[in-house]
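My entries follow in the order I made them.

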Amino acid sequence: MAKEQLQVLNALDVAKTQWYHFTAIIIAGMGFFTDAYDLFCISLVTKLLGRIYYHVDGAPKPGSLPPNIAAAVNGVAFCGTLAGQLFFGWLGDKMGRKRVYGLTLMLMVICSIGSGLSFGHNSQCVMTTLCFFRFWLGFGIGGDYPLSATIMSEYSNKKTRGAFIAAVFAMQGFGILGGGIFAIIVSSAFKSKFDAPSYAVDPVASTVPQADYVWRIILMVGALPAALTYYWRMKMPETARYTALVAKDTAQAASDMSKVIQMDIEGEGAKAAEPTTSDSVSSYGLFSKEFFSRHGTHLLGTTSTWFLLDIAFYSQNLFQKDIFSAIGWIPPAATMNALEEVFRIARAQTLIALCSTVPGYWFTVAFIDRIGRFAIQLMGFFFMTVFMFALAIPYHHWTLKDNRIGFVVLYSLTFFFANFGPNATTFVVPAEIFPARFRSTCHGISSASGKLGAMVGAFGFLYLAQNQDKNKTEAGYPPGIGVKNSLLLLGALNFLGILFTFLVPEAKGKSLEEMSGEIEDGTVGELGGQTSSSTTQSRV
């Protein structure tokens with residue numbers, strides 16, 4: 001590798017944590033805030049959509065989305081996300097991170113607004129339009145995964161890189177929380193203005209016409225944080241690692257980084273020389289024999305662990321509604337009007353996010369650069385396995401009324417350790433262990449594998465968890481294996497996650513080039529001391 005390249009990269013690795021690092025976390029993190037808001041807010045309004053568009057006169061219960069429509073409305077964004085992760089991950093390596101970064105955000109803004117404006121004179125038209133915009137919304141969200149992770153990893157110093165990438169991902173927790181809080185505010189405002197009887201009292205009047213505005217407003221507001229962040233994303237320079245290692249313009253990389261991290265970095269010549277450390281390092285292609293020799297097990301590790309994690313993480317809908325009903329957070333649907341139901345669901349999800357989801361993310365941020373990615377991921381999968389089996393084996397015990405609180409505690413701990421564990425580390429690690437010219441693509445492949453797992457967890461297990469007695473299944477669903485057997489299966493999948501974690505290397509305290517093999521035989525260490533003293537000067 002050319003000496004000028006090493007100087008620029010080492011300057012980034014040894015740079016002190018500065019205000020620009022936190023600015024980058026906010027700019028990238030607001031994308032993830034939007035991602036989480038948009039992906040999870042649909043679950044707040046699906047019951048309302050059922051009441052509005054699928055009401056059946058004389059039915060003892062409020063209208064609900066048919067299974068195929070519910071799967072489409074909830075799942076089409078996951079399909080779009082998977083496609084977007086693969087496409088924008090590849091594009092980020094071909095065109096550069098910055099050039100693609102703003103495109104994903106604009107797609108999210110346009111499609112969030114489009115989702116809320118879903119038009120049509122009947123339920124079929126509205127659902128079709130909604131699914132169309134939700135797919136392309138997911139496509140934009142998908143691009144944010146590899147690009148945000150790659151940009152943050154390439155901006156960071158090696159001492160705090162894990163915490164910075166994890167902090168970007170942790171904004172997802174605030175997005176879930178923000179969606180719940182906003183839904184509470186909107187439903188409360190409409191409820192106070194347009195009061196209505198419960199469904200049991202008057203089925204038709206329980207859903208006021210103005211309720212149709214509520215779900216549209218909730219979906220459309222997801223455009224705001226993305227739109228507010230767009231200008232600042234466009235002001236971010238291309239990452240120095242992409243410019244130096246892929247575009248091979250070291251002078252430009254040095255100039256860009258000097259402006260933003262308050263350090264003077266030398267860059268000799270307009271273009272850097274071709275890497276000289278090892279010809280094979282710069283010549284092999286993605287999915288070549290050399291790539292699989294160097295990084296095949298790493299890619300298997302990142303894709304398999306993310307896939308297994310997301311099956312468990314997105315299966316939470318299996319028993320969430322039962323828990324909420326059991327502890328009185330959500331009473332039977334017939335005892336509420338439409339707006340009251342939105343309020344109750346939003347309040348319940350907000351409490352879960354506040355008590356379990358958000359703390360787990362930030363525990364990862366606090367400890368990832370102290371105990372490492374491997375230890376956190378292994379610990380997370382271990383405790384998820386333990387708690388899933390603890391829920392499953394004595395499942396009848398937990399269904400008894402006096403034991404429901406214990407079930408809630410174990411449920412919350414399961415997802416606390418998902419977030420203080422593999423849900424965060426599976427996002428961080430793929431951005432650290434692959435070469436710069438493949439980094440975004442490999443992260444996109446890993447995250448797409450996760451979204452495939454999310455679809456299995458959210459929809460496959462929705463069918464699997466149905467009662468084995470066909471007379472006790474939910475309307476429209478065939479018999480399944482039951483909740484107990486589903487929990488046992490999830491525990492086994494989490495155990496597999498423990499095993500596949502051993503394929504993933506530890507990146508704590510190492511430079512990206514050390515991890516990817518772009519600098520071999522300790523070259524970075526030899527030049528590190530020279531570079532930090534002779535080519536970088538702090539301005540502060």
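**Entry 1: the whole chain**

I counted 23 helices and two strands in the chain. Both are DSSP runs numbered from the N terminus, helices being H or I with at least four residues and strands E with at least two. This is a predicted model, so I note its limits: local features need pLDDT of at least 70, side-chain atom pairs count only at pLDDT 80 or more, and totals for chains, interfaces and linings use all residues. Residues are numbered from 1 along each chain as its sequence is written, and side-chain values use heavy atoms, with hydrogens and water left out.

I looked up burial next. Of the 540 residues in the chain, 59% are buried. Buried means under 20% relative accessible area, exposed means over 50%, and partly exposed lies in between (1.4 Å probe, protein chains only).

The accessible surface of the chain is about 20,800 Å². Carbon and sulfur atoms hold 65% of that surface. Areas come from the Shrake-Rupley method with a 1.4 Å probe, and for residues only the protein chains shown count as cover.

I then checked contacts, meaning heavy atoms within 4.5 Å. Among those between residues at least 6 apart in sequence, 82% join residues at least 24 apart.

**Entry 2: α4 against α5**

I took helix α4 (residues 67-95) and helix α5 (residues 97-116) as a pair. Their axes come within 7 Å and cross at roughly 145 degrees. Axes here are lines fitted to C-alpha atoms, for helices over the stretch in contact, and angles run from 0 to 180 degrees between N-to-C directions.

Which residues make the contact? From α4 I listed Phe88, Leu91, Gly92, Asp93 and Met95. From α5 I listed Arg97, Arg99, Val100, Leu103, Thr104 and Leu107. I sorted the contact residues into six nonpolar, two polar and three charged. In this sorting Ala, Val, Leu, Ile, Met, Phe, Trp, Tyr, Cys and Pro are nonpolar, Asp, Glu, Lys and Arg are charged, and the others, Gly among them, are polar.

**Entry 3: salt bridges**

How many salt bridges are there? I find 14. The rule asks for a side-chain nitrogen of Lys or Arg within 4 Å of a carboxyl oxygen of Asp or Glu.

Arginine 97 pairs with aspartate 93, the closest N and O atoms being 2.7 Å apart. Arginine 97 is buried at 0% relative accessible area. Aspartate 93 also counts as buried, at 7%.

Arginine 216 bridges to aspartate 212, with closest N and O atoms 3.2 Å apart. The two sit about one helical turn apart because they are four residues apart in helix α8 (residues 211-220). Arginine 216 is buried at 15% relative accessibility.

Arginine 241 bridges to glutamate 513, at 2.8 Å between the closest N and O atoms. Arginine 241 is in helix α10 (residues 240-246) and glutamate 513 in helix α22 (residues 512-516), so the pair ties together parts 272 residues apart in sequence. Arginine 241 is buried, at 0% relative accessible area. Glutamate 513 is buried, also at 0%.

I also found a network: shared partners join Asp93, Arg97, Glu154 and Arg439 through salt bridges.

**Entry 4: single residues**

Threonine 243 is in helix α10. Is threonine 243 buried or exposed? It is buried, at 8% relative accessible area. Leaving aside neighbours within four places in sequence, threonine 243 contacts Glu238, Lys248, Asp249, Gln252 and Ala253.

Tyrosine 477 sits in the loop between α20 (436-464) and α21 (482-501). At 13% relative accessibility, tyrosine 477 is buried. Not counting residues up to four places away in sequence, tyrosine 477 touches Pro67, Leu462, Tyr463 and Gln466.

Tyrosine 231 belongs to helix α9 (residues 223-235). Tyrosine 231 is partly exposed, at 48% relative accessibility. Its C-alpha atom is separated by 8.6 Å from that of glycine 102, 129 residues apart along the chain.

**Entry 5: a surface patch**

Ile405, Val409 and Leu413 make a nonpolar surface patch of about 250 Å². Patch residues have over 30% relative accessible area and no salt bridge; like charges are joined within 9 Å, nonpolar side chains (Val, Leu, Ile, Met, Phe, Trp, Tyr) within 5 Å. Valine 409 lies in helix α18 (residues 404-419). At 45% relative accessibility, valine 409 is partly exposed.
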